[in-house]
Amino acid sequence: MTWISKSVTGLGLLFLTHACYSAHEHSALHSTTAASLSSIASHTAAVPTVASLPIDISIETIVAVFTICLGLVLGTPELRPIQWRVWAGKIEREGEKGFSSSDGTVDKDYVGNPFRVLESRPGFIDIRKQRKEFAEWVREGGGTAEAS
């Protein structure tokens, strides 16, 4: 996680902590007020009281949750391709530097070319190598050298 994502997540956790404390404080104050009102109301008709959370505490909780989610999303690493051939192509083109983090360390799940076992088996024909050799052969003239 970068420092931006950590700070946004921390700020969201601070908001959430404050919202939880405010909700607890509101419920504690409401219960003491309801207890004193119930003793007064016991002489008259019993009126049930419904406790609802104030709108500012609800909004603060929602904002805190969205802020935490934003911080977590900002801290996620880059997604990798789903298709193996795309991932193997990226490994062939970029190597380890394509899977390095911002501080220069290679990702822990980097294993190199996933097809290297197939390429190292006996009798494997490297098409790319043969294509490159053929292109060089054509550039050089493409014919057989005849001795005079």
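Contact means that heavy atoms lie within 4.5 Å. By this criterion S5 touches G71, L74 and G75, not counting residues up to four places away in sequence. The structure is a predicted model, in which local features need pLDDT of at least 70 and side-chain atom pairs count only at pLDDT 80 or more, while totals for chains, interfaces and linings use all residues. Residues are numbered from 1 along each chain as its sequence is written, and side-chain values use heavy atoms, with hydrogens and water left out.

The protein chain has five helices and zero strands. Helices (H or I, at least four residues) and strands (E, at least two) are DSSP runs, numbered from the N terminus. From that terminus on, the order of the elements is α-α-α-α-α. The predictor's confidence in each residue is given by pLDDT, on a scale from 0 to 100. The mean pLDDT of the protein chain is 78, and 68% of its residues reach 70 or more. Among the elements, the lowest mean pLDDT, 68, belongs to helix 4 (residues 116-119), and the highest, 94, to helix 2. Burial is expressed as relative accessible area: buried means under 20%, exposed over 50%, and partly exposed in between (1.4 Å probe, protein chains only). Of the 148 residues of the protein chain, 16% count as buried. Among contacts between residues at least 6 apart in sequence, 61% join residues at least 24 apart.

Helix 2 (residues 55-74) has 20 residues and reaches 28 Å from its first C-alpha to its last, close to the 28 Å expected at 1.5 Å a residue. The expected span of a helix is 1.5 Å times one less than its number of residues. Within helix 2, the residues I57, E60, A64, T67, I68 and G71 are buried. These residues cover an arc of only 100° around the axis, which puts them on the same side of helix 2. The arc is that of the directions from the helix axis to the C-beta atoms. On the other side of helix 2, I55, F66 and V73 are exposed.

I68 lies in helix 2 and is buried, with a relative accessible area of 13%. Leaving aside neighbours within four places in sequence, I68 is in contact with T9, G12, L13 and L16. The C-alpha atoms of I68 and K6 are separated by 9.5 Å, although the two residues are 62 residues apart along the chain. L70 is also placed in helix 2, but counts as partly exposed at 46% relative accessibility. L70 and V8 are 62 residues apart in sequence and 7.4 Å apart in space, C-alpha to C-alpha.

Helix 1 (residues 3-41) includes T9, S5 and H18. T9 counts as buried at 11% relative accessibility, and S5 is buried with a relative accessible area of 0%. H18, by contrast, counts as partly exposed at 44%. Polar contacts (pairs of N or O atoms within 3.5 Å; within protein, one must be able to donate a hydrogen and the other to accept it, and residues adjacent in sequence count only if both atoms are side-chain atoms) were then examined. The side chain of S5 reaches the backbone oxygen of T2 at 3.0 Å. The backbone oxygen of S5, in turn, lies 2.8 Å from a polar atom of the side chain of T9. A polar contact of 2.6 Å joins the side chain of H18 to the side chain of E60. The C-alpha atoms of H18 and A64, 46 residues apart along the chain, are separated by 9.3 Å.

In helix 3 (residues 84-94), W87, A88, G89, K90 and I91 are buried. Just after helix 3, G95 takes a positive phi of about 70°.

A search of the whole structure finds one aromatic pair. F134 and W137 form this pair, which is tilted, with 5.6 Å centre to centre and 35° between the planes. Rings of Phe, Tyr and Trp (its six-membered ring) pair if their centres lie within 6.5 Å; planes under 30 degrees apart count as stacked, over 60 as edge-to-face and the rest as tilted. Because F134 and W137 are three residues apart in helix 5 (residues 127-139), they are separated by about one helical turn. W137 counts as partly exposed, at 41% relative accessibility.
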